[in-house]
Structure formats: structure tokens, C-alpha cells
Amino acid sequence: MTTTSTPTAVPDLYPSRGATEVSVPRQDPVVWSAPGTPGPIASTGLQAFERDGFLAVEELIGEDEVALYHAELERLVTDPEIRADERSIVEPKSKEIRSVFEVHRISEVFANLVRDERVVGRARQILGSDVYVHQSRINVKPGFGASGFYWHSDFETWHAEDGLPNMRTVSVSIALTENHDTNGGLMIMPRSHRTFLGCAGATPQDNYRKSLQMQDAGTPSDEALTAMAGEYGIKLFTGKAGSATWFDCNCMHGSGDNITPFPRSNVFIVFNSVENAAVEPFAAPVRRPEFIGARDFTPVK
């Protein structure tokens with residue numbers, strides 16, 4: 001069943017997009033399940049996630065599965081109908097597809113991955129409830145110049161533009177090609193998830209059309225990023241195809257351009273607690289489209 005939010009008097013615990021940049025301590029738990037709750041993540045893994053804001057899994061899926069999902073990715077990004085779909089985002093320079101959103105609805109292959117207990121089970125364990133898919137996409141970073149994603153907190157955008165009230169959302173990036181230290185891999189500032197950085201500047205109308213190609217609104221200042229990097233450092237994630245990184249919604253993260261000959265592709269799934277369903281945006285004139293920020297809160301089964 002599809003449910004649609006209505007205007008609700010929900011307190012704004014994380015103000016952003018104002019006249020000045022603000023720093024707010026996290027008001028929410030990181031791991032929401034009670035200690036000892038069964039699930040695929042060992043207690044030591046949950047403790048690491050609580051501390052650092054991320055958890056790397058060396059082999060979430062096997063080689064045969066990687067081949068299946070990579071073949072489906074290639075099918076989608078070479079399909080003219082998919083390219084013409086508004087859910088496909090193209091590179092500003094090369095005009096090649098860089099992302100396809102709502103991929104779990106477009107493809108039954110990726111829908112099965114979302115329902116895989118190795119995937120959704122970890123989300124339930126971290127968030128302490130049933131979960132729904134707030135966003136899904138495949139990302140393609142071919143070699144020789146695919147652009148990166150600038151530093152940001154996903155929650156800052158999902159709170160400001162999608163209306164997620166609390167930090168009860170977790171993402172997983174599953175590598176479908178090898179992540180080298182040179183081909184534009186994911187970078188995270190460990191422990192940055194404990195501080196919310198509210199960015200300066202109002203949200204433009206239809207900001208998503210620009211931000212999915214090049215981040216602008218919701219971008220931290222150089223001074224704030226310098227201070228955070230100095231305090232937390234930067235972790236670069238590498239790994240073979242089939243590896244995965246789980247990370248908290250408020251981690252400061254980004255990725256560089258890929259100027260190597262080695263492509264980097266991944267499938268990215270965002271799980272949100274059904275108890276944290278979106279309300280109206282906290283700092284945007286209108287909601288983003290549902291293929292970017294879901295309004296169907298049906299639990300994944």
C-alpha cells in the first residue's frame with residue numbers, strides 16, 4: 001500500500017539551508033536495535049558501526065552474483081528507453097549515463113537484491129525496525145574522466161529536501177567492479193556522523209535537477225571540511241567486486257573523479273526505518289520526485 005505524507009508539526013532537530021552554516025550534535029542513536037538483537041552483523045561489527053559510522057564487508061555477494069548484477073547494470077545503461085527515462089542521470093560532459101534511480105522498481109534482478117536477507121537484514125538490525133527503500137540507484141563511473149561526488153552528508157539533503165525527520169537511515173554501496181585506490185572510490189570521514197553540519201544557502205526550486213550532476217546547495221564550506229578532516233581524517237574504501245560498505249546517513253563522504261582506465265560501478269541502496277517516514281521537506285519549497293525520495297513506506301519483505 002502506498003501512503004502519502006501530509007503536513008505535520010514535526011520538530012526540526014537539524015536546521016539547515018539558513019543564512020549561516022551551523023554545527024549541531026547528533027540527537028539520534030546510531031544503532032537503534034537493542035544489544036543482542038539477532039542479525040547478520042556480529043556485535044563487534046555493530047560496535048564498529050556505532051563508533052565509526054560505517055562497516056565494510058569484504059564479500060557480501062559472490063562472483064556469480066557479481067556477474068549477474070553487473071550484466072543487469074550494463075543492460076540498463078545501454079537501453080535507449082532507460083536513457084530516455086527521467087530516472088537516468090547523465091554526465092554533464094560526456095553525456096553518458098552516470099546513475100539510474102529507482103533501480104529496484106525498474107529491474108526485478110535488483111529488486112531481488114534489495115530483498116536479500118544479507119542486505120535488508122543488516123538494515124533492519126542497524127535501524128531496529130522494518131525498513132523501506134528511500135532510494136536506490138546504480139552508479140557508473142567509466143574510466144577516463146567520469147566525475148565524482150563532492151563532500152556532503154546525505155542526511156542533510158534527505159532532511160532538507162525529502163523531509164526525513166531523524167537520522168534513522170542507512171546506505172549500502174555494493175561494488176560491481178573492483179574499487180582501486182585510484183578510480184574514484186568512496187571516501188568517508190570516520191566519526192563525522194556524530195555532528196550534523198547545517199549548510200548555508202536556500203534550496204533552489206527543482207534543485208535536484210542540478211544536484212544529481214553537480215552538488216551545490218547542501219555543500220559544506222571549505223573551512224568546515226578542513227576542520228572536520230583535521231579532526232576525523234579520511235578513509236578511502238577499496239575492495240574487490242562483491243564487497244560492500246554500509247554507512248550512516250550523516251557520514252561526511254564524497255568521491256573523486258575517475259581518470260584511470262579502470263571503471264568503477266556499484267549498486268547503492270538506502271534503507272529508512274518505517275518509523276521515520278518522510279514528512280514535508282524541512283528546507284525546500286517542494287518535495288523531490290518519488291524516484292529520488294520515496295513516499296511509498298511499504299516495508300521490504
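Reader: How many residues does helix 2 have, and what span is expected for it?

Author: In this predicted model, helix 2 covers residues 63-77, which is 15 residues. From the first C-alpha to the last it reaches 21 Å, close to the 21 Å expected at 1.5 Å a residue.

Reader: Which residues of helix 2 are buried?

Author: Start with the general idea. An α-helix has 3.6 residues a turn, so residues three or four places apart point the same way. In helix 2 the buried residues are Val 66, Tyr 69, Glu 72, Leu 73, Leu 76 and Val 77. They lie on the same side of helix 2, because they cover an arc of only 130° around the axis.

Reader: Which exposed residues are on the face turned away from that buried side?

Author: That face of helix 2 carries Glu 63 and Asp 64, both exposed.

Reader: What covers the buried residues of helix 2?

Author: The cover includes helix 3 (80-84), helix 4 (103-106) and helix 5 (108-115), as well as strand 4 (97-101), strand 5 (131-141) and strand 13 (264-273).

Reader: With which residues is Val 100 in contact, leaving aside neighbours within four places in sequence?

Author: The contacts of Val 100 are Val 77, Ile 82, Arg 87, Ser 88, Ile 106, Ser 136, Arg 137 and Ile 138. One of these, Val 77, is also among the buried residues of helix 2.

Reader: How far apart are Val 100 and Gly 256 in sequence and in space?

Author: In sequence, 156 residues separate Val 100 from Gly 256; in space, the distance is 19 Å from C-alpha to C-alpha.

Reader: At what angle do helix 5 and helix 6 pack?

Author: Helix 5 packs with helix 6 (residues 117-127) at about 45°, and their axes are 5 Å apart. That angle is why helix 5 is described as oblique to helix 6.

Reader: Which residues meet there?

Author: From helix 5 come Leu 113, Val 114 and Arg 115, which meet Glu 117, Val 119 and Val 120 of helix 6. By class, this contact has four nonpolar and two charged residues, and no polar ones.

Reader: How many residues of helix 7 are buried?

Author: Helix 7 (residues 154-162) is mostly covered, with nine of its nine residues buried. Among them are Phe 155, Trp 158 and His 159, and also the residues Asp 154 and Glu 156.

Technical notes
Residues are numbered from 1 along each chain as its sequence is written. This is a predicted model: local features need pLDDT of at least 70, side-chain atom pairs count only at pLDDT 80 or more; totals for chains, interfaces and linings use all residues. Side-chain values use heavy atoms; hydrogens and water are left out. Helices (H or I, at least four residues) and strands (E, at least two) are DSSP runs, numbered from the N terminus. The expected span of a helix is 1.5 Å times one less than its number of residues. Buried means under 20% relative accessible area, exposed over 50%, partly exposed in between (1.4 Å probe, protein chains only). The arc is that of the directions from the helix axis to the C-beta atoms. Contact means heavy atoms within 4.5 Å. Axes are lines fitted to C-alpha atoms, for helices over the stretch in contact, and angles run from 0 to 180 degrees between N-to-C directions. Angles under 35 degrees count as roughly parallel, over 145 as roughly antiparallel, 65 to 115 as roughly perpendicular and the rest as oblique. Ala, Val, Leu, Ile, Met, Phe, Trp, Tyr, Cys and Pro count as nonpolar, Asp, Glu, Lys and Arg as charged, and the others, Gly among them, as polar.
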